[in-house]
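Subject: Structure for your files

Hello,

Here is the structure I said I would pass on. My notes on one helix pair follow below it.

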Amino acid sequence: MKDRGMRTFIAVLAGLAVIYFGATGHRNNGGEGGISGGVVLLALLASALAWNLTKPAAK
């Protein structure tokens, strides 16, 4: 993927998806909503993975 803006959009979208599903996930104990540090770390890893997978191929 050559367009850097599109790569950025996909990486941010991946991170936001992890945060969304991490914050709205099923809670059996009735605890408070919100995101933990682990969810933020997973979101950063998902963004980095999306950024890496969408980099242009070497010629």
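A crossing of two helices is called right-handed if the near helix is turned clockwise from the far one by less than a right angle, and left-handed if anticlockwise. By that convention, α1 and α2 cross in a right-handed way. Please keep in mind that this is a predicted model.

The pair consists of α1, residues 4–23, and α2, residues 37–53. Their axes come within 8 Å and cross at roughly 155°. Angles over 145 degrees count as roughly antiparallel, and α1 and α2 are therefore roughly antiparallel to each other.

On the α1 side, the contact is made by R4, R7, T8, I10, A11, A14, G15, V18, I19 and G22. On the α2 side, V39, L42, A43, A46, S47, A50 and W51 take part. Sorted by class, the contact has eleven nonpolar, four polar and two charged residues.

Two of these residues are worth a note.

S47 belongs to α2. Its relative accessibility is 18%, so S47 counts as buried, the cut-off being under 20%. Apart from neighbours within four places in sequence, S47 is in contact with A11 and G15. The S47 side chain also reaches the backbone oxygen of A11, at 2.9 Å.

I10 lies in α1 and is partly exposed, with a relative accessible area of 27%. Its C-alpha atom is separated by 7.5 Å from that of W51, although I10 and W51 are 41 residues apart along the chain.

Regards

Terms used:
Residues numbered from 1 in each chain as written. Predicted model: local features only at pLDDT ≥ 70, side-chain atom pairs only at ≥ 80, totals over all residues. Heavy atoms only, no water. Helix = DSSP H or I, 4+ residues; strand = E, 2+ residues; numbered from the N terminus. Buried < 20%, exposed > 50% of the residue type's maximum accessible area, 1.4 Å probe, protein only. Polar contact = N/O pair within 3.5 Å; in protein donor to acceptor, adjacent residues only side chain to side chain. Contact = heavy atoms within 4.5 Å. Axes fitted to C-alpha atoms, helices over the stretch in contact; angles between N-to-C directions. Parallel < 35°, antiparallel > 145°, perpendicular 65-115°, else oblique. Nonpolar A, V, L, I, M, F, W, Y, C, P; charged D, E, K, R; others polar.
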